[in-house]
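This report describes one protein chain for a reader who is new to structures. Please look at the model below before reading on.

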Amino acid sequence: GNGLVLVISYRRRKKMVDSELLCVNLAVVDFLCCICFYPLSILSSFNHAWLGHHVTCVYYGLGCYIFGLCGMFTIAAISVIPVWLNGANIRLVCCASWLVATVWSSFPLFGWGEYVPEPYGLSCTIAWHSYHTSFKDAFYVICSFSCFMLVPVLLIVMSQIQILYKVYHFTYALSARGIRTNLRHAEKRLSMMFFCISLGFVMAWAPYAVVSFLFIFHKDNRYMAPGGFVFPALFAKSSHVYNPFIYFYFNKAFRQELRCLLRSFCPRLAGNRVGVRSATGQEGLPGGPHPIQIQLQELGMSGEGVLGEE
């Protein structure tokens, strides 16, 4: 799904608006996370234990945390920019998201926090319980939860409420004046797409955030069964799955480009179409000064083949 989003975005790169670049950045995050890291967790599931040693755990934890933070920053930008930072440089925002996520995720490599296996043993993450070990670990855990999880979520929620209010107020004002425009419909669909992306992300990661927060104040894993950890983690990873469905549902241009892409690989999907069009652009006018052009599209046949058979 995310691969299709990237392919279609490349095909229509000259037609894209700046706000769509944030969706492309989010698709890059989802795509690379599914390709580079999740296979290791899947193989560990079949093995019933984590594959590899500390090196693979650090690789998985570091990579997932970088992409997780970048995805959160991107969704926060999707929500905040239309409200408070209209006209911001989107490319600069995307680069800043990757830079901040990479720098902050690298701190455990230098002694501020660490990456350890999760309680159910099939993936790795920040050692949330290291809050009790040292001041540096406690500082990193608290900042990770408050500044890089709680604050972005609050910004997302506040911004989405503001966006929905503005869209409703704008729609009501136009309706009161009896004005009907396609711009109103496009704005509503775009706002709903961003709202669904943000809401889905918050709902997916909220259970994992709650479990991790509770884990901070416990020195061992006995306060919760392994299933209490694994289901929030899997639910959080599902956020990479449904974003492409949101793009294609709300974005008509993406759907049209997807049809063209599928037709280029499988011409049978194009079907037989007969179109009648006047040379002057006026359809169905008998006796006009210009002849009516009949366009035939047949599967596997060119125009000369059709005329030859006739």
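The model is predicted, so local features need pLDDT of at least 70 and side-chain atom pairs count only at pLDDT 80 or more, while totals for chains, interfaces and linings use all residues. Residues are numbered from 1 along each chain as its sequence is written, and side-chain values use heavy atoms, with hydrogens and water left out.

Helices (H or I, at least four residues) and strands (E, at least two) are DSSP runs, numbered from the N terminus. Helix α4 has 31 residues and spans 43 Å from its first C-alpha to its last, close to the 45 Å expected at 1.5 Å a residue. The expected span is 1.5 Å times one less than the number of residues in the helix. At Ile78, α4 bends by about 25°, and Pro82 follows within four residues. The bend is the angle between axes fitted to the seven residues ending at a residue and the seven starting there.

A residue is buried at under 20% relative accessible area, exposed at over 50%, and partly exposed in between (1.4 Å probe, protein chains only). Of the 31 residues of α4, 24 are buried, so the helix is largely enclosed by the rest of the structure.

A nonpolar core is a set of buried Ala, Val, Leu, Ile, Met, Phe, Trp, Tyr and Cys residues joined through side-chain atoms within 4.5 Å. The largest one has 67 residues, and Tyr60, Trp128, Met193, Ile197 and Tyr247 touch the most other members. Helix α4 gives the largest share of this core, 17 residues. In soluble globular proteins, nonpolar side chains tend to be buried together.

Contact means heavy atoms within 4.5 Å. Leaving aside neighbours within four places in sequence, Met193 is in contact with Cys23, Ile246, Tyr247, Phe250 and Asn251.

**Cysteines**

A disulfide is a pair of cysteine sulfur atoms within 2.5 Å, and the count comes to one. Cys57 and Cys124 form this disulfide, with their sulfur atoms 2.1 Å apart. The pair links distant parts of the chain, since Cys57 is in helix α4 (residues 54-84) and Cys124 in strand β2 (residues 124-126), 67 residues apart. Both Cys57 and Cys124 are buried. Cys33 is in no disulfide, and the nearest cysteine sulfur, that of Cys64, is 4.4 Å away.

**Salt bridges**

A salt bridge is a side-chain nitrogen of Lys or Arg within 4 Å of a carboxyl oxygen of Asp or Glu. The count is two salt bridges, listed here.

| Salt bridge | N to O distance |
|---|---|
| Arg11 and Glu257 | 2.9 Å |
| Arg12 and Glu20 | 3.3 Å |

Arg11 lies in helix α1 (residues 2-11) and Glu257 in helix α10 (residues 252-265), so their pair ties together parts that are 246 residues apart in sequence. Arg11 is partly exposed, at 39% relative accessible area, whereas Glu257 is buried, at 14%. In the other pair, Arg12 is buried at 8%, and Glu20 counts as buried at 9%.

**Met192**

Met192 sits in helix α7 (residues 182-216). Met192 is partly exposed, with a relative accessible area of 33%. Apart from neighbours within four places in sequence, Met192 is in contact with Leu164 and Phe250. The C-alpha atoms of Met192 and Phe250 are separated by 7.7 Å, and the two residues are 58 residues apart along the chain.
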